[in-house]
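This briefing accompanies the structure shown below. Please read the points with the sequence and the model side by side.

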Amino acid sequence: MMCLVSKHINGVSNKNLLFYSSLVHSAVAAGIQQLAGLGSLQNLHLHNCMKIGLGTLNIVASFPKLTLLNLRGCSQLTDEQLAPLLKQLTAIQHLNLKSCSKLTGSCLAPSISSSLHKLQSLNLAKCQAWNFNSLCYLSVLVGLQDLDLSECPAVSCLGAFICLGRLLAVTRLVGFKWWCKGDISADGLAGPYSSSS
């Protein structure tokens, strides 16, 4: 897949690029390096790129029109690597961090997440290291409409729901099925129990 994408970089008219990679870090870096200067790139999928280096992330940060970034399965990605990238991606609307198992959530501290005012969709499913305090950081994301917290241990307490209760724009929340009774309406996140309980 990497070779196929690389051959078409120079004449790319599509604003979407997809890298499925369990390839070695150098192959991913070489492919991303060819994207440098592609200012019109809007969607970038880096599925299962196990070892993303700072050089690669710096190139990704140079795409000012990037609205979708899929880092699903980038299991070696750390908060320290991701935070500077997110601070620069102010146009980002959809962010998939599913199965980024080393992320604790500090990459979305208020000083960073406040620049993500266009973010509408955030997938944190299977982010096992994500912690309760980091869930509270999400309250700054006022435009967030779709939040997936499936299989995140930090969402098992009522306090997490109280933090997330500030997300009034959320109309789809995944990960609270066992005690949220469908209280997410067009008005946003209403609370853990329906008014009839």
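Which residues does Lys98 touch, not counting residues up to four places away in sequence? In this predicted model, Lys98 touches Leu71, Arg72, Gly73, Asn123, Ala125 and Lys126.

**Overall composition**
- The protein contains seven helices and nine strands.
- Of its 197 residues, 49% are buried.
- Among contacts with a separation of 6 or more, 69% are between residues 24 or more positions apart.

**Lys98**
- Lys98 lies in the loop between strand 4 (94–96) and helix 5 (110–113).
- Although buried, Lys98 has no salt bridge.
- Asp148 is the nearest side chain of opposite charge, 6.0 Å away from Lys98; a salt bridge would require the charged side-chain atoms to be within 4 Å.

**Largest nonpolar core**
- In soluble globular proteins, nonpolar side chains tend to be buried together.
- The largest nonpolar core here has 48 residues, and the members that touch the most others are Leu69, Leu71, Leu122, Leu124, Leu138 and Leu147.
- At least two residues of this core come from each of strand 2 (43–47), helix 3 (54–60) and helix 4 (79–88).
- Helix 4 makes the greatest contribution to this core, with four residues.
- Leaving aside neighbours within four places in sequence, Leu147 is in contact with Leu122, Leu124, Leu138, Leu164, Leu167, Arg172, Leu173 and Val174.

**Strand 2**
- Strand 2 is largely enclosed by the rest of the structure, because four of its five residues are buried.
- Strand 2 and strand 3 (residues 68–70) run parallel and are joined by three bridges.
- His45 has Asn70 as its bridge partner in strand 3.

**Residues with positive phi**
- Ser99 is not a glycine, yet it has a positive phi of about 65 degrees.
- Ser99 is located in the loop between strand 4 and helix 5, and it is partly exposed, with a relative accessible area of 24%.
- Glu151, also not a glycine, has a positive phi of about 60 degrees.
- The loop between strand 6 (146–148) and helix 7 (158–164) holds Glu151.
- Glu151 is exposed because its relative accessible area is 54%, and the cut-off for exposed is over 50%.

How values were computed
Residues numbered from 1 in each chain as written. Predicted model: local features only at pLDDT ≥ 70, side-chain atom pairs only at ≥ 80, totals over all residues. Heavy atoms only, no water. Core = buried A, V, L, I, M, F, W, Y, C linked by side-chain atoms within 4.5 Å. Buried < 20%, exposed > 50% of the residue type's maximum accessible area, 1.4 Å probe, protein only. Contact = heavy atoms within 4.5 Å. Lys, Arg positive; Asp, Glu negative; His and termini not counted. Pairing = 2+ DSSP bridges.
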